[in-house]
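Please open the model in your viewer and keep the selection panel at hand. The stops below say what to select next and what is to be found there.

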Amino acid sequence: MPAKYPLIGVIGKTNVGKSTFFSAATLVQVKIENRPFVTIEPNIGVGYVRTICAHKVFNLTGCMPQNSLCMRGFRFIPVKLMDVAGLIRGAHKGRGLGNKFLDDLRQADVLLHIVDISGSTDEEGNYVGPGKHDPLVDVAVIENEIDEWFYSIISKDWIKLARALDTLPLDKAIDALTQRVSGLSIRREHVIKALRASKLDSVKFASWRDEELRTFSKYLREASKPIVIVANKMDIKEAEDNLKRLIKHYPNRVIVPVSSEYELALRKATKAGLIDYLPGDKDFKILKEDALTPKQKEVLSDIKEFMSKFNGVGVQEALNTAVFKVLNNIVVYPVEDINKLTDSKGNILPDAYLVSKGTKALELAYMVHTDLGKGFLHAVLAKGKRRVGGDYELQDGDVIKIVSTLTHG
Ligand SMILES: Nc1nc2c(ncn2[C@@H]2O[C@H](COP(=O)(O)OP(=O)(O)OP(=O)(O)O)[C@@H](O)[C@H]2O)c(=O)[nH]1
Ligand SMILES: [Mg+2]
């Protein structure tokens, strides 16, 4: 199984800033307007998660990244982002643009739920001005639409499937069920988790009624497509009280305060050479004071103030939270030369792989190349030149050489 980039789905009510967030994270230019249903077809782009680069950890002067980027000692590793059309209440019954377009997110590993925390848009996504709408309502309404979408896929032809599942021992039934939902990027462990959480692991499948099916679908969605709440438009005054209420109301949810608009402005200013800023920084430096218009100066000063208050503008934090905290991914660096930390061509720390916590050295070997896996002998960690076996559990930041009888990978 080759290493795959995590796919992050950007979802939310219409006109809350999904495309602005997407554009800020990927610098792909997309349509952004202050009215509902601007985005119709999905936008796909590449964003990055940020971590300290191993070359810093190993006290090297630099590296030669191939599958990722290194800037100022930070490794930026690609992730895929997908921005889809907006939802409204009743989308699963066909309101607005419906929810069929969510099928584009079948392969998503994690969802970012963009919420207009300033409360500037009503239930239908019309602009009504800050503080006029309660964003807490949106969280419940939109996530219900997501769960309805999931339920409609899982429940399709259920009776027929359930009867077949009941003829199998539980272990095989779980395999068959996983197979059936694999198009939703659902793995066996997700199915097991959902069965346990819904206390349905010893109940005959064919006896599930609508209620059981809904409960199971909800847990399965939570396990396979966890949602991070992005409290967007934090730059608007009214947002702060709403954020406090949101956190109080959802104490167990992962919530990241963000200003997508500020991040987009910072990235554009960086591209234009006006400022020095790396996504995820908590501050920036103005490079060309003279080239700035009074308006630009004013905006940058507002952004600076915001950043010191919120520890940055939040877009990078949202991506990092989704991949590292929620998906529990870690970063590992496969190399060929364990002394120089290079690949066969002499590139220093060329590749940074995102893998799930718990991934074993042998599994990594297969991800790098099937041959490396097939001929696996052992692995060596750069730290302490320690030799480890195939069942060694990789740790975040590991630089590792796979020793294999088949080295032509
Ligand atoms: N103040 C502020 N405005 C924002 C922010 N993010 C987005 N907006 C504004 O919100 C409006 C809607 O932004 P979009 O990114 O088009 O929203 P969307 O969710 O993609 O909308 P649809 O595709 O129509 O569903 C635009 O006017 C943006 O400039 C933010 O962080 N702060
Ligand atoms: Mg949009």
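Begin by selecting Ser 260, which touches Gly 17, Thr 20, Phe 21, Ala 24, Asn 232 and Val 315, residues up to four places away in sequence being left out; contact here means heavy atoms within 4.5 Å. Ser 260 lies in helix 9 (residues 260-271), where helices (H or I, at least four residues) and strands (E, at least two) are DSSP runs numbered from the N terminus. With a relative accessible area of 1%, Ser 260 is buried, on a scale where buried means under 20% relative accessible area, exposed over 50% and partly exposed in between, for a 1.4 Å probe and protein chains only.

Before going further, note that this is a predicted model, in which local features need pLDDT of at least 70 and side-chain atom pairs count only at pLDDT 80 or more, while totals for chains, interfaces and linings use all residues. Residues are numbered from 1 along each chain as its sequence is written, chains are lettered from A and ligands numbered from 1 in the order in which they are written, and side-chain values use heavy atoms, with hydrogens and water left out.

Next, colour the chain by domain: domain 1 (7-131 + 227-323), domain 2 (150-221) and domain 3 (331-404), with bounds that come from an automatic or database domain assignment. The centres of domain 2 and domain 3, taken over C-alpha atoms, are 36 Å apart.

Now show the largest pocket, which holds about 880 Å³ of space. On a 1 Å grid over the protein atoms alone, a pocket is an open set of points with protein on both sides within 12 Å along at least five of seven lines, a cavity is a set where a 1.4 Å probe fits but cannot get out, and lining residues have an atom within 4 Å of a point; grid points are joined across faces, edges and corners, and a volume is the space filled by probe spheres set on the points. Of the 30 residues that line the largest pocket, Arg 187, Glu 189, Leu 327, Asn 329 and Ser 356 lie nearest its centre. Two or more lining residues come from each of helix 6 (188-197), helix 7 (210-224), helix 11 (315-326), strand 11 (353-356) and helix 12 (361-368). Domain 2 and domain 3 each give at least three residues to this lining.

Then move to the largest cavity, with about 30 Å³ of space, and select its lining: Lys 13, Arg 89, Glu 123, Asp 138, Val 141 and Ile 142.

For the aromatic residues, display Trp 149 and Phe 150, whose ring centres are 5.6 Å apart with planes at 70°, so the pair is edge-to-face; rings of Phe, Tyr and Trp (its six-membered ring) pair if their centres lie within 6.5 Å, and planes under 30 degrees apart count as stacked, over 60 as edge-to-face and the rest as tilted. Trp 158 and Phe 205 are also an edge-to-face pair, at 6.3 Å centre to centre and 65° between the planes. Because Trp 158 lies in helix 4 (residues 158-166) and Phe 205 in the loop between helix 6 and helix 7, this pair ties together parts that are 47 residues apart in sequence.

Finally, select Asn 15, which has a positive phi of about 65° although it is not a glycine, in the loop between strand 1 (7-12) and helix 1 (18-26).
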